[in-house]
Amino acid sequence: MLTLTCPCCGVTAEETELTYGHEAHLKRFGPGSTDAEFEDYLFNRKNPKGVHFERWRHSYGCGKWFLAARSTVTLEVYGTYSAQTTEPPAELIAKIKEKCPGWEGWQ
Amino acid sequence: MSTRLSKGGRLIDRSKPLSFRFNGAPMRGFAGDSLAAALLANGQVLLGRSFKYHRPRGLIASGAEEPNALVNLGRNARVEPDQRVTTTELFDGLEAASQNHWPSLDFDIGAINNTFGKLFPAGFYYKTFMFPQIAWKYLFEPVIRRAAGLGTAAKEADPDRYEQAYAYCDVLVAGGGVAGLAAALAEAKAGKRVIVMEQTPFWGGRAPVDGGTIEGLAPAEWIDRTLDLLATYPNVQLMTRTMVAGLHNHGYAICYERVADHTPGDGRPRHRLWRVRAGVTVAATGAIERPLAFAGNDVPGVMLASAVRDYIVNWAVSPGDRVVIVTNNDDAYRTALAVLDAGLTVEAVVDARERAGGDLPQLVRARGVRVMEGRGIAGVMGHKAVTHVQVCSQAGEGGVTETLECDCVAMSGGWSPVVHIFSHVGGKLLWDEAGAMFRPDATRAPTGPDGSVLARAVGAANGHLTLDAIAAEAGLSAEVEPEAPLAPVWVMPAGAGQALRFKAFLDYQNDVKVSDVELAAREGYTSVEHTKRYTTLGMASDQGKLSNINGLAILSDSLGQPIPTTGTTTFRPPYTPISFGAMAGEARGDLFQPMRRTAMQDWHEAKGYHWEPVGFWRRPYCYPRGAESHRDAVNREITNARTNVGLLDASTLGKILVKGPDAGKFLDMMYTNMMSTLPVGKCRYGLMCNENGFLSDDGVVVRLSDDSWLCHTTSGGADRIHAHMEDWLQCEWWDWKVYTANLTEQYAQIAVVGPKARKLLEKLGGMDVSKEALPFMTWAEGTLAGFPVRVYRISFSGELSYEIAVPANMGAALWEALNTAGEEFGAMPYGTEALHVMRAEKGFIMIGDETDGTVIPQDLGLNWAISKKKADYLGKRAQERSFMVSPDRWRLVGLETLDGSVLPDGVYAVAEGNNANGQRNTQGRVTSSYYSPTLKKGIAMGLVLHGPERMGEILDFPADKGAVIKARIVDPCFYDKEGEKADA
């Protein structure tokens, strides 16, 4: 069972207090988008072996969504950060690059 | 024959005799005995029958690894099957019974399987019970199910109490032997919060039995001194009878405390499940001795060498007078010494190694014991107890050189570190050639959330099998007899033929033999995980603690590859079985799950309501009167609401307040309809879809003020929809100025429904509820009978209807007032079933009936509730996909049976022909079906291919037993199509 620190309220919460929200940083495609764009947005996910960016909600705590960078292999959590952003913070990316030299980046 | 020795026994208190029963026979033991020790002390060598062949079996081990000696413990409601006697503490009045035999332990009919053993090789079930297919259901499965399983479960509810607790620490030490206590002390001195858990009632592990000195002290003295020292640290918690059952992600450990198994009925909870969050877990879990695979190694009286000396030293129990020791290592010679010290006889030490020249063998030789080098065991004679062993050359094929008379065989094939805790979360192992064992690889330890080491192993669990090595790792000094290297022995003798391999057991509990693993390898099973499942090696309740390493060594040999290439099977929690009671904890009966109560719940209960679960609510289904059936009650409630006035507790409806400058824009995205243009004072029915376009929830939206809307959701959907709104607000449109609040439980809500609803409210008085002042689909605030209310003119029944919201603390009083004032109008409460039938009579959809996550609003004829003007809403793009706009989607219609009967819910309408699987093609299905007391016939709704274009057509619905029900496609609205009543 994972523990994640909610960047909004600062609580280090057990997984049972959290709700998983799948991949982070998806760009929404609405009316006017092509079938391919919409399919990508709705269905195609990275599912990486290694560094993964994902959404979590502190459901049984402050109720806020936040984002987390985590290794799907070792379950190491590189950091959690605000959901009100379109890309991971630069410091976090730098930290992950340092820890995982072969990492191809979040996009 | 086993017996109690007159002297010794470091764990027993001879001044406290205890009495117990085994298979009804009275027996005696002492405080401190395990049930295993007490049974042996009473001469009970035969303890059970094996699972497959019903072979007589006795004790092999003295601890948690015991595979054979499982009993039914207790009786009646407290009976518990498959309890290991080695880990059961004796108490006065204990009752145990042996398992898996009929009619008795001594004479078991099932043992016939043993005679035909050659007919039950690995994969027997897979190979035999193939054809005909029909026989599975009627012949094979019933027979196999009857034969399967060992013990018998209690049929009554468990009368004992269980609880769960949380704990947090920097260091969790699993195991209270020398290595564990030394590690705990070091961590305690460093100021860490430490919890030490020992699964047995006693501290110290094997050291007090195996001897040597630590820091100049005898092991028992060192242990006492260290415990005293640890007790002075406030940051240390010491727990016995508590097993670290499993280590999970991020240092989450599940631990199992057997609080009162040994003191039944003393009022304490029987078991306690600990959820411990530990920074680092130290696996000080010791090692388990391996059996040797020789023919007849399962005859009662053949035991692990370590177990033999445990029984002698710990409990003063002699497993036999005349002991033959068979070994491939020096450690087993300690058993010879223990046997000799107890005044018993060692007939010989049979050592598989060419040479046994170490200090320990010399000590044993010096006491006049014959050591037979380069020898093995060709066979064990005796059925329910050992009588002789046949000695042979280890290098040969099993030609008997000598027969030794004995009543106990102590075997040792070396030791396997208990790596479970280290491995549970992904710690990797390495193969230690010298020790012929897998041990933890510290360079590939499991890691935690910050990437640091989550678990490490110490002591024997880390491959340090001797006291001096264990002490050295902990920075202590120790002295103990040095040990010469072992020689790996996986089959005895090395050239054993099929006949011997067929009697050499690997997994005692599941009756898997050397020959079975070899057969699996010949049949192409090269993966250890597949071989495990095919042969069932290691799949019994002992999870292969004794058998796994031997089994994979034999598999490796058969495949001609080194052992590390074969690898181990996955170590999974729990380490030993834990009770369902502990897992359930207090979550039973009323505490099984939380219950949500509306303000009127007490009233419903007092009226003897019949309820149904809706989320965590218990909503009234109906209110039966006297001996009235539920169905009659529902019909009465409907008819009354349609002719007089009905009252519904609608408090469970979700009520989410959406407020802010951008609230209208936000709701336009949430709902398919336009909500931003809804005038203040009005209500509008709205649909919510997910991004996939599928209908997810519906409800009436109310414009409270310029910047505030109140969104009603379905009863089960409030939390989900609130979370859905927050998701989009926080993660997509975080710059929009909108707040949401889930007010569901802040208000009690009552639907007053029926032609006399207005009269009833007028009688309560306080506000104008006339058609002119409060038309359909509007709302107003005011007072009714003095209560501050908000009244919505909305209708889910098709009748004149008011939904009245009051602050929750006034809900019960208003409900009471409405019931009392309503008497003269014939007011009656009605339940959810009446609600469902009335909405179906009106052709209103219900989320979860008409929708199932694959239905879009357009399927349900709800295009009128989808805005054409809006550029975007959640689901709009998805609804433009080709298969969403296909004219071939099944669409909502009403269904009317030709004979007036009620269609079974969920039945399909068949079409011509069959599909690729030979199943009948379908063209629709029933989504809601009820008896309508208003129309006095069955009514239904369904989704039908081209449905709305096929009005009047008749469909065939096959039902049970070949019957076909014919139903006509009709308009889904069966009642008051013009809507005049609701608008009255």
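## Ground rules

Helices (H or I, at least four residues) and strands (E, at least two) are DSSP runs, numbered from the N terminus. This is a predicted model, in which local features need pLDDT of at least 70 and side-chain atom pairs count only at pLDDT 80 or more, while totals for chains, interfaces and linings use all residues. Residues are numbered from 1 along each chain as its sequence is written, and chains are lettered from A and ligands numbered from 1 in the order in which they are written.

## Chain A

Let's start with chain A, which has two helices and six strands. Read from the N terminus, its elements follow the order β-β-β-α-β-β-β-α. The radius of gyration of chain A (taken over C-alpha atoms) is 15 Å, close to the 13 Å given for 107 residues by the globule rule (2.2 Å times the number of residues to the power 0.38), so chain A is as compact as a globular protein of that length.

The C-alpha trace of chain A spans about 40 × 35 × 25 Å along its principal axes. Of its 107 residues, 22% count as buried. Here a residue is buried if 20 or more other C-beta atoms lie within 10 Å of its own, exposed if 12 or fewer, and partly exposed in between, with C-beta atoms placed from the backbone.

## Chain B as a whole

In chain B there are 25 helices and 51 strands, and the C-alpha trace spans about 115 × 70 × 55 Å along its principal axes. Buried residues make up 51% of the 984 residues in chain B. Two residues are in contact if their C-beta atoms, placed from the backbone, lie within 7 Å. Among contacts in chain B between residues at least 6 apart in sequence, 65% join residues at least 24 apart; for chain A, that share is 49%.

Chain B is divided into five parts: domain 1 (3–125), domain 2 (160–285 + 415–482 + 577–592), domain 3 (288–413 + 485–566), domain 4 (630–871) and domain 5 (887–984). These bounds come from an automatic or database domain assignment. Between domain 3 and domain 4 of chain B, the C-alpha centres lie 75 Å apart.

Residues 503–585 of chain B are 46% helix and 6% strand, with end C-alpha atoms 43 Å apart. For residues 600–870 of chain B the figures are 26% helix and 28% strand, and the end C-alpha atoms lie 41 Å apart. Residues 891–976 of chain B come to 0% helix and 56% strand, with 22 Å between the end C-alpha atoms.

## Where the chains touch

At the interface, 20 residues of chain B are in contact with 20 residues of chain A. Helix 22 (residues 718–731) of chain B gives the most to chain B's side, with four residues. That side of chain B holds five nonpolar, seven polar and eight charged residues. In this count Ala, Val, Leu, Ile, Met, Phe, Trp, Tyr, Cys and Pro are nonpolar, Asp, Glu, Lys and Arg are charged, and the others, Gly among them, are polar.

## Two strands up close

In a regular strand the side chains alternate between the two faces of the sheet. Strand 35 (residues 646–649) of chain B is covered on both faces, with B:G646 and B:L648 buried on one side and B:L647 and B:D649 buried on the other. Strand 35 of chain B pairs antiparallel with strand 41 (residues 747–753) of chain B over four bridges, where two strands pair if DSSP finds at least two bridges between them. B:L648 stands opposite B:A751 in strand 41 of chain B.

Strand 50 (residues 954–958) of chain B has a covered face, B:L955 and B:F957, and an uncovered face, B:I954, B:D956 and B:P958. Five bridges join strand 50 to the antiparallel strand 51 (residues 964–970) of chain B, and B:P958 stands opposite B:V964. The hairpin of these strands has five residues between them, and B:K961 takes a positive phi near 55 degrees there.
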